[in-house]
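Open the structure in your viewer and follow the stops below in order. Each stop says what to select and what is there.

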Amino acid sequence: MSMSAPHDPASLDSEAREALNRLADLLIPPHEKMPSASEADADGVWVDRALQARPDLIEPFNALLRELQNEPPEQAIRRLDKEDPERFALLTEIVAGAYFMNPKVRDLLGYPGQRAIPVHDMTEELDELVAPVMARGPIYRPTSD
Amino acid sequence: MSDRAQRGERRNVSVEEHNTVEVESRRGSDFRRDCEDADVVVVGAGPSGAVTTKWLVEAGFRVVCLEQGDWPDYSTARATELDFEMSMGKAWAWNPNMRQMPSDYPIEDSDTDVQALMWNGVGGSSLLYACAWHRNLPSDFRVRSLDGVADDWPLSYEELEPYYQRVEREFGVSGHDNDPAFPPGFTFEMPAAPIGRIGELVSSAHNDLGWHWWPGSNAIATKPYRRLKPCVQRAACFWGCVDAAKASVDRTHWPEAIEKGAVLVTGARVTNIELGDDSLVRGVRYVDRDGQEHLQRADVTVIAANGVGTPRLLLNSDTPQHPDGLANSSGLVGKRLMMHPFGAVVGLFDEPTYSWQGVRGQLGYSFEFYETEESRGFVRGAKWQLQLAGGPLGTTRAFPYGEEPIWGERFHDEVARRFGHSAVWGIIAEDLPEESNRVVLDPELKDSDGVPAPKLLYHTTGNTSRLFEFHTKRAKESLEAAGAYEVIVGPPIRETGWHLLGTTKMGDDPTDSVVNRWGRTHDVPNLYVFDGSTWPTSAGVNPTGTIMALALRNTDHLISERNNQEVPA
């Protein structure tokens, strides 16, 4: 399945990117209609886009991935989850953040983004809904002299 | 004070002058004109500073407000972009230690159960609050009398009520009239925002249980209101409202205050309060973004820098005569920090709840378990606020969904269960004042201008633990009654200190409080504190409404007592 978008400038060095390529699908594998992380290009163009939104994370993310690159991927994830939850959260936040930025993934999930939906006046419906609350009467503790 | 202030004349400015003032308000370091001797200098341009400044200039006072930050840049808000959820943690982050903008100062928080959250800029923390709007309840002012703990406030709900009404009209608050959890007469200028499917499910459950609930009251416009536009339910209130529907004082107060003659200096970090030989304050010293030091003289100084920034400034204004900090003869400056420990309980529903879209503040709330009930084993209580859960990335986080692993084979099923099928009760717990919970100056850490950083020492007590145990159980029952097939009690997290209260206690006794019932420090007759620092107890509701009402009441008193105000010769 092709889910690529035009490439933005890379934010991961080649070693870090290779490590991410090996790890990403272990975190987000394919499932029924949903693509894996790599099928959604979460470890490609979308991780670049995600890191553009969080440039402060580029260096720590590169450092983390370089550190994990020589470890078997399953073992690296298990170890990180167990021994360093803060950096495991960094890894998952960026991989999932990149994944959910892909419009195709959002379509499959039924997430249209934060749309503009005008408010409407619900006063009459609310009057009916709060009627039992009103019927029970005041519940505050009076303090006036 | 200036003749105009003493006579109470209102100040009218020409459009040309207004434009000049507005431009100057944005320049900071270039500010020089007309303000060397102000009637009042206000430190901090958040909710209390904005209310104070606006009403003082309206009454004819020459007011300079010094703000260490800048005007908010809404162009950096990402609510309409693909990276909205990804971007939340930086430019619009709540934690200044994470945000690290030039306006932010570091906070040493390694020894605290709850981290302090704030926005340092024009608008203050009204930029990042959820917009859930509340008044304190009557009992919140009488905790000692009713429940035998902590302290009564030196004022009552009834005394504050007219000020609540004024700030609510001025600010723009939507809600449903006449909640019986409050004395009669609590009405709104705008109708409540839609309560959504989540609100329908939970309100029906509470009606069946016989439990209190009410449609959400929010500082969010639901129709065109002054400078605000109607909300479009984008649920981005926490991270920069791009639709100009959220009431934050950069929109609701500052434009009008500047129009009426207020001078707002941005990029101005106040370092200390300047005390004269006559024990009256001369004004404040500040550093601009170019590193230049200035003395802003004023007859009266009002500190409105929040429950962390205000004690920091007083403690850093020590002199040989006041070695423990200014206005600190009681020894209470910085002590009794209260931060409202926060809990979240999430229900998962089979049916869609569309839990990413709507008003982010609160869809509804409940005071069912707010008041003390002796048999529960703790005193005081908590307000519950019914909230959305957010977008898909939020469903993967440990808060509020817990530590159960979701990565790998379970990922898609878990996201599908949570995304668009959740409802959250946020629980705002009243924490009691403890002198051991406090703000002090860190001996080593400093901000970019060399001013000592605040260090927080805050730990919750057994009362709070018992309170949470009870409230989370009841919230679970609520969501189960609403149809949730599973309810998750979110793990405790530290990044929830939105409400910074108590560190310059208000009271009548100078040996047991820092400021009097009008916000004036007992020790220095022309030095005032008008922010949430002054709260004797924390109540269990979102505090911005009461912070603003108190600031307005104090300001009214300052104006009416102008001719009796001691000022430097």
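A polar contact here is a pair of N or O atoms within 3.5 Å; within protein, one of them must be able to donate a hydrogen and the other to accept it, and residues adjacent in sequence count only if both atoms are side-chain atoms. Keep in mind throughout that this is a predicted model.

Start by selecting chain A and chain B together. By the rule, 18 residue pairs, both at pLDDT 80 or more, are in polar contact across their interface.

Next, on chain A, select α1 (14-27), α2 (45-53), α5 (85-99), α6 (103-109) and α7 (123-136): each supplies at least two residues of the side that touches chain B. Stay on α7(A), which gives the largest share of that side, nine residues. Coloured by class, the side of chain A that touches chain B shows 34 nonpolar, eleven polar and ten charged residues.

Now show both sides of the interface: 55 residues of chain A are in contact with 60 residues of chain B. Between them the two chains bury about 5000 Å², and 66% of this lies on carbon and sulfur atoms.

The rule also finds three salt bridges across this interface. For a salt bridge to look at, select R141(A) and E371(B), whose side chains meet at 2.9 Å, N to O.

Last, move to chain B and select helix α15, residues 544-560. At 1.5 Å a residue, its 17 residues should span 24 Å, and the end C-alpha atoms are 24 Å apart, which agrees. Of the 17 residues of α15(B), 14 are buried, so the helix is largely enclosed by the rest of the structure.

Definitions and conventions: Residues numbered from 1 in each chain as written. Chains lettered and ligands numbered in written order. Predicted model: local features only at pLDDT ≥ 70, side-chain atom pairs only at ≥ 80, totals over all residues. Heavy atoms only, no water. Contact = heavy atoms within 4.5 Å. Buried area = accessible area lost by both parts, 1.4 Å probe. Salt bridge = Lys/Arg side-chain N within 4 Å of Asp/Glu carboxyl O. Helix = DSSP H or I, 4+ residues; strand = E, 2+ residues; numbered from the N terminus. Nonpolar A, V, L, I, M, F, W, Y, C, P; charged D, E, K, R; others polar. Expected span 1.5 Å × (residues − 1). Buried < 20%, exposed > 50% of the residue type's maximum accessible area, 1.4 Å probe, protein only.
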